[in-house]
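Today I will go through aromatic contacts in one model. Please look at the structure first.

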Amino acid sequence: MFGWKHTKADRRGEVVDHDTDGEARERAARRDEAVRGAVEQGLLGPDAAVVGLLDVTGIRESAAALRAAFDAVVAPGTPVLHAFAVKASPLVPVLRLLHEEGIGAEVASPGELALVRAAGLPPENTVLDSPAKTPAELREALALGVAVNADNPQELDRLDALVASAATRSPLGIRVNPQIGGGTIGATSTATETSKFGVALRDEGAREWVVQAYADRPWLTRLHAHTGSQGIPLALLARGVAETYALAEEINARIGRRQIDTLDIGGGLPVNFESEATAPTYAQYARTLKAEVPGLFDGRYGLVTEFGRSLLAKHGTVVARVEYAKSSGGRRIAVTHAGVQVATRTVYAPGAWPLRIAAYDAKGRPKPGPEVTQDVAGPACFSGDLLAEGRSMPPLEQGDYAAALDTGAYYFAHHYAYNSLTRPGVYGFAPDAAGGVAFATVREPQTVAEVVAESGGAHTSALTTLGAPGSP
Ligand SMILES: *Cc1c(COP(=O)(O)O)cnc(C)c1O
């Protein structure tokens with residue numbers, strides 16, 4: 001019935017509540033080692049003024065913690081697929097690493113599906129959710145056997161036609177919006193009254209329509225909701241899951257059989273950007289769900305989760321060289337090479353997305369205090385291009401490095417091409433056998449020649465010759 005292998009009892013299953021303080025300290029120590037190693041090994045320097053670094057050990061730890069957290073609460077034998085939300089870190093080697101750790105993928109575009117396939121993930125470990133799937137995308141997903149959650153009635157019409165015309169192994173479901181309200185960040189709240197995602201359950205007639213949709217289609221076996229991302233408190237996330245579970249129970253009761261066999265509870269576990277600690281933890285969330293929605297884990301439903309930010313954020317660091325240190329109107333300003341191109345959300349919405357900044361000296365060693373108030377600016381040509389404003393920290397001097405912490409998800413992998421700034425290289429790191437740190441290239445730095453090519457370099461005269469006298 002289920003296409004994926006259910007997660008085995010975790011190797012470290014007994015340590016669901018492992019020492020998160022100790023883990024955080026070790027993570028910070030690994031990061032310091034990596035910054036120093038990156039400078040020593042020349043990945044970072046005058047000619048490579050900004051890089052993204054990924055902590056392979058930390059990513060493995062988070063994947064293991066996620067598996068262990070759910071293994072600890074589900075009935076034995078419950079099929080569980082943890083599908084990483086690819087949009088949080090769309091990098092092929094990251095997807096492969098997570099695959100090796102027993103994690104599948106949630107995709108929302110043809111590009112993301114292609115990344116997952118390039119990483120070698122099997123279709124049965126992949127889920128397609130997106131609000132704007134084309135007929136071609138749906139056809140491809142069904143041909144491959146990728147699970148699909150229909151966003152709306154028009155999409156369900158398209159699935160009807162496809163299911164009628166060809167056999168598919170794809171598990172199919174509907175995404176609902178329980179309309180339970182948003183969190184502290186509007187842009188990442190998906191269960192608001194007027195959210196663009198899913199079937200808005202509390203709208204007039206909508207619940208009845210959903211029940212009938214399942215009654216009419218025995219092949220609809222899943223139900224999906226993703227209540228939101230950063231800024232949603234655990235209790236609200238749990239309410240979204242509770243509403244989804246209650247709907248599945250109602251549908252199965254009214255149809256008179258267990259047609260819905262799998263609940264896709266989405267992702268959205270918030271990340272702590274204020275300190276090193278991992279909080280909340282997957283274990284806390286799983287226990288909250290067990291308390292609030294006991295039936296969810298009793299073995300009658302298979303589960304799909306779709307965590308993104310919480311798996312990767314803590315394991316990525318943007319490190320940028322301080323090109324100049326200056327002062328303006330009495331304010332110290334470190335002008336670095338990391339700004340809006342690698343920290344777009346933080347620069348445009350600093351109140352909602354503050355980042356911790358760590359100071360390193362020219363050799364990549366942590367800088368001691370005393371602290372001074374300074375701005376940490378990016379390279380882009382607008383005055384709001386600041387990683388941090390009025391921040392108290394050890395003074396950054398020319399040639400030092402500023403590190404934007406917790407940027408492993410939705411930051412440096414999400415380059416924004418302002419000022420034609422090149423995409424930085426991304427490197428994974430792990431301890432080597434000799435007690436040092438080893439690096440592997442995850443993504444090459446983009447070259448200036450590539451920027452030209454991607455900016456119409458092959459079409460220089462396209463506009464001047466268009467409609468010119470004598471042209472066709
Ligand atoms: C973005 C998204 C996720 C992941 O959200 P995180 O906050 O990164 O965990 C999961 N499911 C869907 C449908 C999404 O759009």
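At 24% relative accessibility, F382 counts as partly exposed, because that class lies between buried, under 20% relative accessible area, and exposed, over 50%, with a 1.4 Å probe and protein chains only. Y418, at 27%, is also partly exposed.

On conventions: this is a predicted model, where local features need pLDDT of at least 70, side-chain atom pairs count only at pLDDT 80 or more, and totals for chains, interfaces and linings use all residues. Residues are numbered from 1 along each chain as its sequence is written, and side-chain values use heavy atoms, with hydrogens and water left out.

The structure has 10 aromatic pairs. Rings of Phe, Tyr and Trp (its six-membered ring) pair if their centres lie within 6.5 Å; planes under 30 degrees apart are stacked, over 60 edge-to-face, and the rest tilted.

F70 and F297 are both buried.

F382 and Y418 also pair, tilted, at 5.0 Å centre to centre and 55° between the planes.

Ring pairs also link F70, Y282, Y285, F297 and F307 into a cluster.

Last, charges over rings: NZ of Lys or CZ of Arg within 6 Å of the ring centre and within 35 degrees of the ring normal. The charged end of R258 sits over the ring of Y301, 4.9 Å from its centre.
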